[in-house]
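Reader: I would like to learn how to read the features of a fold from its coordinates. Please take them one at a time, with the general idea before the case.

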Amino acid sequence: MHVDVAKELAVLEAMTVAELRGRYAQVFGQGTRVGSKTILVKRIIWGLQALAEGDLSERARLRAAELAQDTNLRLFPAREKRATSTSAQNNRNGNGAIESPLPLPGTILTRWYKGKMLCVQVLRHGFEFDGKIYKTLSAVAKAITSSHTSGFLFFRRSLAGRGGRT
């Protein structure tokens, strides 16, 4: 049996997701919960080709299983350590110490917003605004605007170091 991939692809592309799930069940003998049309089409085409031209041999399956046992498989890439991250390297002063892009504790950040002067005090571990303590400057900006926004951009702070714009 030969599969005309172009013809099958045209037929599958015209189907709805529900119809593709039905076709998937015909090809593989079991249902699927996949809701992506693109993924369903790719899997069905692969299944049709495997049926027509033969699947992997038993020898190939065993070899793949052996290789998989000896491999350290990661689901997610390893995270970089904070001290060696690119952003930390960009904020190093001449002595190699990492500078914070935030001003020193006690500094008052101001911003006019909707006709009101807003004042945020920088604390050692957070920010105080309107009598409440926030962990991040972005959390303060979200409390003010009711939408997610960068605290640095909202308060017009430079990310280059402590001496940024106010």
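Reader: What percentage of the 166 residues of the chain count as buried?

Author: Buried means under 20% relative accessible area, exposed over 50%, and partly exposed in between, with a 1.4 Å probe and protein chains only. In this chain, 25% of the 166 residues count as buried. This is a predicted model, in which local features need pLDDT of at least 70 and side-chain atom pairs count only at pLDDT 80 or more, while totals for chains, interfaces and linings use all residues. Residues are numbered from 1 along each chain as its sequence is written, and side-chain values use heavy atoms, with hydrogens and water left out.

Reader: How much accessible surface does the chain have?

Author: Accessible areas come from the Shrake-Rupley method with a 1.4 Å probe; for residues, only the protein chains shown count as cover. The total for the chain is about 12600 Å², and carbon and sulfur atoms account for 53% of that surface.

Reader: How many helices and strands does the chain have?

Author: Helices (H or I, at least four residues) and strands (E, at least two) are DSSP runs, numbered from the N terminus. The chain has seven helices and four strands. Their order from the N terminus is α-α-α-α-α-β-β-β-β-α-α.

Reader: What share of the contacts joins residues at least 24 apart?

Author: A contact means heavy atoms within 4.5 Å. Among contacts between residues at least 6 apart in sequence, 28% join residues at least 24 apart.

Reader: At what angle do H2 and H3 pack?

Author: Axes are lines fitted to C-alpha atoms, for helices over the stretch in contact, and angles run from 0 to 180 degrees between N-to-C directions. Helix H2 (residues 17-28) packs on helix H3 (residues 37-53) at about 25°, and the two axes are 10 Å apart. That makes H2 roughly parallel to H3; angles under 35 degrees count as roughly parallel, over 145 as roughly antiparallel, 65 to 115 as roughly perpendicular and the rest as oblique. Residues in this contact include Leu20, Tyr24 and Phe28 of H2, and Leu40, Ile44 and Trp46 of H3.

Reader: Is the crossing of H2 and H3 left-handed or right-handed?

Author: A crossing is left-handed if the near helix is turned anticlockwise from the far one by less than a right angle, and right-handed if clockwise. H2 passes H3 in a left-handed crossing. The crossing of H1 and H3 is right-handed. Helix H1 (residues 5-13) and H3 pack at about 145°, with 10 Å between their axes. Among the residues in that contact are Val5, Leu9 and Leu12 of H1, with Val41, Ile45 and Leu48 of H3.

Reader: In what order do the four strands stand in the sheet?

Author: Two strands pair if DSSP finds at least two bridges between them. The four strands form an open sheet in the order E1-E2-E3-E4, with antiparallel pairing. E1 and E4 are at the edges with a single partner strand each, so one side of each has no neighbour in the sheet. On average, neighbouring strands are turned by 30° against each other, direction ignored. Helix H6 (residues 137-145) packs on this sheet and touches E1, E2, E3 and E4; its direction makes about 25° with that of E3.

Reader: How many bridges join E1 to E2?

Author: Six bridges join strand E1 (residues 108-113) to strand E2 (residues 116-123). Within this pair, Arg111 is opposite Leu118, and Ile108 is opposite Gln121. E2 and E3 pair over three bridges, among them the one between Leu123 and Gly126. Three bridges also join E3 to E4, where Glu128 stands opposite Ile133.

Reader: Which residue in the turn between E1 and E2 has a positive phi?

Author: Lys114 does, in a hairpin with two residues between the strands. Its phi is about 50° although Lys114 is not a glycine. Lys114 is exposed, with a relative accessible area of 71%. Asp130 also has a positive phi, about 55°, and is not a glycine. Asp130 lies in the loop between strand E3 (126-129) and strand E4 (132-134), and counts as exposed at 67% relative accessibility.
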